[in-house]
Amino acid sequence: MLSISPRIAHTLMLPAMLALAACSQAQTPRGKDAAAPATASASAAARKGELPAVLKGIEKHGFEVVSEFDAPGGLRGFAGMVGGQQPAAAYVTADGKHVLVGSLFDAEGNEVAAETLEKLVAAPMSAKMWSKLEASAWVRDGKADAPRVVYTFSDANCPYCHKFWEAARPWVDAGKVQLRHIMVGVIREDSPAKAAAIMAARDPSAALLENEHQFDRGGIKPLPSISREIAGKLDANQVLMVEMGFQGTPGILFQDAQGQVQRRAGLPQGNDLQAVLGPR
C-alpha cells in the first residue's frame with residue numbers, strides 16, 4: 001500500500017501539533033456546561049456529514065478528503081490523499097478546531113486506518129491510475145498475452161531507459177512481461193522527433209526495437225516533421241508523466257501482489273528489478 005512520506009507527514013502534522021500545544025498552555029480547563037456547546041456543535045456537524053472547517057487549513061498543504069470513517073477517542077477520521085499521490089488519514093479533534101495528519105495506533109501497535117485507507121483511497125486511486133495508463137499512447141514491447149504488464153515513460157535518447165530495456169530482456173523474451181513504453185521527448189532536442197518516428201511507424205513495436213538495437217549508434221532516425229496527431233499524443237504523455245509523479249525518465253509503474261500500483265523513478269537496482277518485473 002502506498003504510504004505518506006515522512007517529510008509530507010511532518011510538514012502537515014507540525015503546525016497542528018504546535019497549535020494544540022499553544023492552546024493547552026493558554027486556556028484553563030472548562031466545566032462540563034461550558035464544553036457542551038462545542039461538543040454539541042461538532043456532533044451536529046457529524047450527523048449532517050458536514051466537513052469540519054479546520055480541514056480547509058490543510059487543503060493548502062495538498063490534502064484532499066475522500067471519505068469520512070469511524071475513529072476512536074472522540075476523533076473524526078477522514079481518509080484522503082496528499083498531492084493526489086499519497087493516501088493519508090486526518091483526525092479532527094472533538095471541538096472541531098484542530099486536525100492531525102498521519103498514523104494513529106492502538107494499544108497493540110496496529111495502525112487504526114490502514115485497512116480503511118487501502119479500501120477507500122489506495123485501491124480506487126490505483127485503479128484510476130492504471131486506467132489512465134491503459135488509455136495512453138504506448139508502444140508494446142513483448143508478447144500481447146504476457147501475464148505481467150509494466151508501464152515505463154521512455155525517451156528514445158535516454159540511456160537509463162535503454163539500460164532498463166536491456167535488463168528486462170530475460171522476462172520479456174520468456175513471455176513473462178510486456179513492457180508498454182509511453183514515449184515522451186524530454187532529453188534532447190531531437191527526442192520528440194525520434195519518439196514520433198517510433199509512434200508513427202507502420203509497426204511501432206519494431207521501430208522501438210530498432211531504436212534499442214541501434215542505441216549505441218544513435219538510435220532511430222528522427223522524423224523531419226511531426227504530425228499534429230502525434231504531437232498531441234506526445235504532449236498528453238508528458239502531462240501524464242508529471243501527473244504520475246515523475247520528472248524524468250524512465251518512470252516505471254507496475255502492480256504489486258495486492259493489485260496496487262507502485263512506482264519507480266529511474267533504473268531499478270539489484271533485487272528491486274525483480275520486484276518490478278516479477279520472478280524470473
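Mentor: Let's take the labels one at a time, starting with the whole chain.

Trainee: What kind of model is this, and how many helices and strands does the chain have?

Mentor: This is a predicted model. Its secondary structure comes to 10 helices and 9 strands. Of the 280 residues, 40% count as buried. Among contacts between residues at least 6 apart in sequence, 66% join residues at least 24 apart.

Trainee: Why is Cys 158 called buried?

Mentor: Buried means under 20% relative accessible area. Cys 158 has 3%, so it's buried. Cys 161 gets the label too, because its relative accessible area is 5%.

Trainee: How many disulfides does the structure hold, then?

Mentor: It holds 0. To count as one, a pair of cysteine sulfur atoms has to be within 2.5 Å.

Trainee: What makes Asp 216 exposed or buried?

Mentor: The cut-off for exposed is over 50%. Asp 216 comes in at 72% relative accessibility, so it's exposed. You'll find Asp 216 in the loop between H8 and H9. Asp 216 is also 54 residues from His 162 in sequence, with 9.7 Å between their C-alpha atoms.

Trainee: How do you know whether H7 and H9 are roughly perpendicular or roughly parallel?

Mentor: Two packed helices are described by the angle between their axes and the distance between the axes. For H7 and H9, the angle is about 110° and the axes are 10 Å apart. Angles of 65 to 115 degrees count as roughly perpendicular. H7 and H9 are therefore roughly perpendicular to each other.

Trainee: Which hand does the crossing of H7 and H9 have?

Mentor: That crossing is right-handed.

Trainee: And which residues meet where H7 and H9 pack?

Mentor: From H7 you have Pro 192, Ala 195, Ala 196 and Met 199. They meet Ile 230, Lys 233, Leu 234 and Asn 237 in H9. By class, that contact has 6 nonpolar, 1 polar and 1 charged residues.

Technical notes. Residues are numbered from 1 along each chain as its sequence is written. This is a predicted model: local features need pLDDT of at least 70, side-chain atom pairs count only at pLDDT 80 or more; totals for chains, interfaces and linings use all residues. Side-chain values use heavy atoms; hydrogens and water are left out. Axes are lines fitted to C-alpha atoms, for helices over the stretch in contact, and angles run from 0 to 180 degrees between N-to-C directions. Helices (H or I, at least four residues) and strands (E, at least two) are DSSP runs, numbered from the N terminus. Angles under 35 degrees count as roughly parallel, over 145 as roughly antiparallel, 65 to 115 as roughly perpendicular and the rest as oblique. A crossing is left-handed if the near helix is turned anticlockwise from the far one by less than a right angle, and right-handed if clockwise. Contact means heavy atoms within 4.5 Å. Ala, Val, Leu, Ile, Met, Phe, Trp, Tyr, Cys and Pro count as nonpolar, Asp, Glu, Lys and Arg as charged, and the others, Gly among them, as polar. Buried means under 20% relative accessible area, exposed over 50%, partly exposed in between (1.4 Å probe, protein chains only).
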